[in-house]
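User: Could you walk me through reading a structure like this one? I'd like to start with charged pairs and then look at helix packing.

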Amino acid sequence: MEFKRIICILAYVLTLLLTDFVYADQTLDKDHCTTKDVSNQLGEVRDQGNIGWCYANVAADLLTFRYQDRLNGQQASAGYVAITFNQYTKTKPNEDAGLISPAAVFSQLNGICPQSFQDTALKDSPFKTIRDQINALVSLKETYDQRKKERLEFSRFQELEMYRSSKSYINLLSDDDLRDVLEHSSVRTFPRKLVERLCKPYMIKVKFDLQIRPQLGFIEGVKDFLPSLLKNMKFTPAPVLGRADLVEDIHEQLGKDNFVAFSYWTRIFYDPNSERYKKSGMHASGIVGRKWNDKQKVCEFKLRNSWGKNCSSYTNPELKGKCDPQTGYIMVPDYIIQRTITDVSYYKKKKE
C-alpha cells in the first residue's frame, strides 16, 4: 500500500508539471490589491518586431529598471542583450529562443548598450528589421571568410558595398577596423563583436549583481556557461509546484515597488476557439503594476508586452477593452496569469 501511495503522489506531481493545470479562479482581495505602477521607470512599451526575442526585451527591461541611474533614463538595448545571450550560449546569432535570467546576467558581465544606439543603427541601416540586419551581418562574415579562403584581397564586395553605400553605422569603421573585427570573430560571434566595437563609446559597464531571482530551468543550464562564477553562488530556486505561488511572488514584489519578468503560454491572450489559441507557445513579458477592478471585483496586473501598441492580438473575450492602444499596456486579471505562468525573474530590492 505504501508503494502504491508513493506512485500516486509521483503521478500527481508529474501531472502538475506536464499538463496545463488550471487552478480555480481566485484573486487578491480588494484590501490587499493596493495600486502599484512602476511603468514610468521603463520608458515606452517595446516592439520585438519580426524576431522572437521576447525574453531579451523583458531582460532588457530588467536591466533598465535595475540600472536606471547608470542609464540616465535610457532603455537597455534588447537586441544587444539577445546577441550577447546567443554568443554565450553558443547558438546562432539570430536564434529566437532564450532565457530571461541568464540573458540579464550575461549583459551584466559584458556591458549594456543603450536602446537609442540600436534604434539609430537600424534607422540608418539598409536593413530595417533586426532579423534582416543580423542575417546580413552573418552573410558579410561568411563572404569575407570565403574570399579569404580563396586568397582574395580585402576590397569592396557586394555584401560590404551594401553597407558602404548607405548611412549604416558600419561606416563609422574604416576598412582596416572592420577587417580587424572580421579577422577576430567567427560567424557566430561577429554580430556581437561588431556591435560591441560600434557601441563602445556608449557602452555602460555595471557592477555584477547576483541579487536576481532566477527562473525555472535556469539553474541546470547556467552551470555550463559560468562554472567558476557559480561555484560559490547561492540561488533561491523558483517553486517547482504551484502557479498560485508564482502569482503570489509577483504580488509580493509589486508591494515593494519592484518590476517582475515572467514566462507563460500566450494562449491567455486568444479566443479559445481560434487557431492562434491552438498554436500558442511560450512567451515572456513583464508586470509593472496592479490595480483593483471594482466592477469585476478582481485584482488586475498591468502587463508590459513586447508587441508594441497594437491591441488587435488580444482576442480573449475576458480581456475585451483591457488593452490601451495609446500605450500598449494591457490589464490582465491575476487569475488569468495564474493559468499558464511557468516562472518569474526579478532583481531583489536592496535593503535600505
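User: Which residue forms a salt bridge with Lys123, and how far apart are the closest N and O atoms?

Analyst: Some ground rules before that. This is a predicted model, where local features need pLDDT of at least 70 and side-chain atom pairs count only at pLDDT 80 or more, while totals for chains, interfaces and linings use all residues. Residues are numbered from 1 along each chain as its sequence is written, and side-chain values use heavy atoms, with hydrogens and water left out.

Now the general idea: side chains of opposite charge can pair when their charged atoms come close. The cut-off for a salt bridge is a side-chain nitrogen of Lys or Arg within 4 Å of a carboxyl oxygen of Asp or Glu. Here, Asp124 is the partner of Lys123, with the closest N and O atoms 3.3 Å apart.

User: Is Lys123 buried or exposed?

Analyst: Exposed, at a relative accessible area of 55%. The scale goes like this: buried is under 20% relative accessible area, exposed is over 50%, and partly exposed is in between (1.4 Å probe, protein chains only).

User: Which parts of the chain does the salt bridge of Glu44 with Lys309 link?

Analyst: The closest N and O atoms of that pair are 3.7 Å apart. Glu44 sits in the loop between strand E1 (36-37) and H2, and Lys309 in the loop between strand E5 (298-304) and strand E6 (330-333), so the bridge links distant parts of the chain, 265 residues apart. For labels, helices (H or I, at least four residues) and strands (E, at least two) are DSSP runs, numbered from the N terminus. Glu44 is exposed at 57%, whereas Lys309 is partly exposed at 36%.

User: How many salt bridges does the structure hold?

Analyst: It holds 19. One of them pairs Asp180 with Arg197, the closest N and O atoms being 2.8 Å apart.

User: Now the helices. What is the angle between H2 and H4?

Analyst: Two packed helices are described by the angle between their axes and the distance between the axes. H2 (residues 54-66) and H4 (residues 78-88) pack at about 110°, with axes 8 Å apart. That makes H2 roughly perpendicular to H4, a label for angles of 65 to 115 degrees. Axes are lines fitted to C-alpha atoms, for helices over the stretch in contact, and angles run from 0 to 180 degrees between N-to-C directions.

User: Which residues of H2 and H4 meet?

Analyst: Contact means heavy atoms within 4.5 Å. Among the H2 residues are Tyr55, Ala59 and Leu63, and they meet an H4 set including Val81 and Phe85.

Notes: Angles under 35 degrees count as roughly parallel, over 145 as roughly antiparallel, 65 to 115 as roughly perpendicular and the rest as oblique.
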